[in-house]
Each structure stands twice: as C-alpha cells, then as structure tokens.
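Here's a quick tour for anyone meeting this structure for the first time. Take a look at the picture, then read on.

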Amino acid sequence: MLITDNRQIDTYYHALLDRAADHVGIFYVGVRTTGVFCIATCRARKPKRENVVFYTDFKEALDAGYRPCKVCRPTENAHAAPPEVAEAVDWVRRHPKERLSDWQLRQRGLSPERIRRWFQRHHRMSFQAFQRSLRINAALEELKTGRRATDAALDNGYESLSGFGYTVKKLTGGAPTAEASVLLIHRFTTPLGPMFACASERGLCLLEFVDRRMLETEFKDLQRLLRARILAGENAHTRQAEREIGEYFAGVRQRFDLLLDTPGSEFQQSVWRALQAIPYGHTASYAEQAAKLGRPQAVRAVAGANGANRVAIVVPCHRVVGKDGALTGYGGGLARKQWLLEHEQRLQCSAAATRPHFCHGQGGAGQHKK
C-alpha cells in the first residue's frame, strides 16, 4: 500500500535517515530521482524528503516501476530478521529446551515488544508461541524414540505431565503418548522475498512465498488431508528445501532432489508430475500440458490443478504460460513469475553458449517452444 499519511511518512523518513534496523521490512522507499527502492538500513546517500515515496510491500514498489537498489538489495534482505530478533531466535535454537522470558530479553538489552511485533507480522504468532512450538517439537521427537512422556515433558520445560499433555492435545489433537501427526513449518529468505517450507516426516508438503493470497487455505487443506497440525520448527526436509532453493537462486541447481508429500487427487498428481517434466529454461502452455496427459479437452482442469500446486519452484507451475505465450496467473505474483522465467532462461542460454542455436526462438519470459 502506498503511504499517504504525512505523519507516517515523516516517521518512516526519520527511520530511513537513522538506518533503523527495527524498520527493516516495515516499509520500502522509492526514490524518484534514481528510480530505485530501498529498505530502511540502506547505506546509500539519503534522498531529500520531497523525492521519496513509501510502500508497505516491495511488490508494490516493483509494480510502481522502481527497481531494487544494488546497495541494500531489498528483495534479498527486506524480510531478514532485525539484529535483536535474530539474536533472540539464535539463542532459542541453541537452547531448545529452555524458555527465554521477557525479563531475560530485557536483561540482554532486547525489546520484547519489538520482537513480539516482528513475530506477529512475519510468523502470525507471538515469540512465546514460537518457543512453545519448538519445545513441543523436541518433546514429540523424543517420544518417537521411546522416551517416557513424563521425562520428555519435564526435560523440555514443562512443570507437569498434565500441562504438557494439554498443550500437545491442543496443538496436535492427540495425547502425547499417541502417535502425534505434525507438520513443521520454517520461514527463510530468498531474493524474491521470504518463503515458507512445510514438511511432514515423509517429505516437503508446501513451499510458498509468505504473501501468497491462498496461503491460509492451503494450510487448512494440508491439515485436513494429512490429519496433522502445523507447528513452527524444522526437519531434514525443510532444511534441504532451504539449501536447494538457495542453490536454485544462485544459479547452480536446475533439478531438485527433495522428497515430496503432496496430497491430491490422481488427476492433480498427474498434472504435478507433468509440471516437473517441463525442462529448466523452457515453458509450455496449458493446452500442451493437457495434450501430454492425453486429455486435450481438459485445459481448464489442467489449469485448476496447476493452480492447486502447493510446492512452488520445485514443482514449476511458473513454467506454464498462455497459448499465445503471455504470462498468466501465478500465486506468487506475475512479477515473480517473469523473474523466475528470465532467471532460468538466462542461465540456460549461458550454459549452452557453445550451442549457438539452443536459445534461438526463446525470446523473453513468456515464450514457449513450439
């Protein structure tokens, strides 16, 4: 949203002058004289007050025609946690069985209020709820190894088995001694903004940009279809997803080795497999995908299944375009879709430089091979 309130603009402008770390991700400033947009901590020379506009989302700055600043790289760093949040999260991850209270945060010179606001904005939960999820995850993992519930509860910061049991049942729907089905969700940053990776023990269930419109619906569907609850945390699949996506954006990975756990109908599964068969650096139309599945009349159904994909980039629904080669809908936004296609085509052409005809006819984003 474009900020029009003068008092809010003044507040943001002073934060820009101060390089206020607690405003990273809160606003994006477009500089009219240079045509770039920045985050609060940008080290570049500060523009005059009359030459700036403020947005609450970097996509809006992109849509308004501003390009990312090369100094602060807002699409890479806009949603990185401010230093005090990063310090608190690092402490919790190094001490997963302990609780970091507001009093302890203040003793460390950290503001519980700022940390709470950041977590509510970016994780939709409080910092204390984040800590509880990590402790529950640790306890559930111990139960699966055969450890007694009482020992797991007391060792993870719970004063009684009843309190532990109540929390587990509230979060997972089952008693701590039962086989609790849990999906772990982890947030990480990318050059196009932060993403959520959600995984079961079997594989990756969801990989989406955090501002995707249908994200809440996808969470509800996953919990219903897999009969599980989503809790904050990490496992081998979410860590592998973060690593491989980082390699993809760095241009060193074209294929993914991730195991997937994606519930869906037989038709949806066939569409998602067909998406994974579209080569890196190429695109296909919905009609071409329907023909490959042996159902040339099912173009709309293919488009619907394509839109139901919950695993962005890995299951590359961004590679599907309109029949005329034009960009069509994408859950992460058309600007991201175009960036992903150009990223892949540029790297593919670069890798095939010794084959001069490889890129002939590819054109820009939105082109597809005939």
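## A buried arginine

First, a term: a polar contact is a pair of N or O atoms within 3.5 Å, where, within protein, one must be able to donate a hydrogen and the other to accept it. Keep in mind, too, that this is a predicted model.

Now to Arg-319, which sits in the loop between helix H14 (299-307) and strand S10 (320-321). Is Arg-319 buried or exposed? Its relative accessibility is 4%, and buried means under 20%, so Arg-319 counts as buried. Its side chain has a polar contact of 2.9 Å with the side chain of Glu-344. Setting aside neighbours within four places in sequence, the residues in contact with Arg-319 include Gln-254, Tyr-280, His-282, Leu-341 and, once again, Glu-344.

Strands of a sheet pair through backbone hydrogen bonds, either parallel or antiparallel.

Strand S1 (residues 28-31) and strand S2 (residues 36-38) run antiparallel, joined by 3 bridges. Along this pair, Val-29 is opposite Cys-38 in S2.

Strand S6 (residues 195-199) pairs with S7 in the antiparallel sense over 5 bridges. Met-195, for one, has Phe-209 in S7 as its bridge partner.

How many residues of strand S7 (residues 204-209) are buried? The count is 6 of 6, so to speak a mostly covered strand.

Key
Residues are numbered from 1 along each chain as its sequence is written. This is a predicted model: local features need pLDDT of at least 70, side-chain atom pairs count only at pLDDT 80 or more; totals for chains, interfaces and linings use all residues. Side-chain values use heavy atoms; hydrogens and water are left out. Two strands pair if DSSP finds at least two bridges between them. Helices (H or I, at least four residues) and strands (E, at least two) are DSSP runs, numbered from the N terminus. Buried means under 20% relative accessible area, exposed over 50%, partly exposed in between (1.4 Å probe, protein chains only). Contact means heavy atoms within 4.5 Å.
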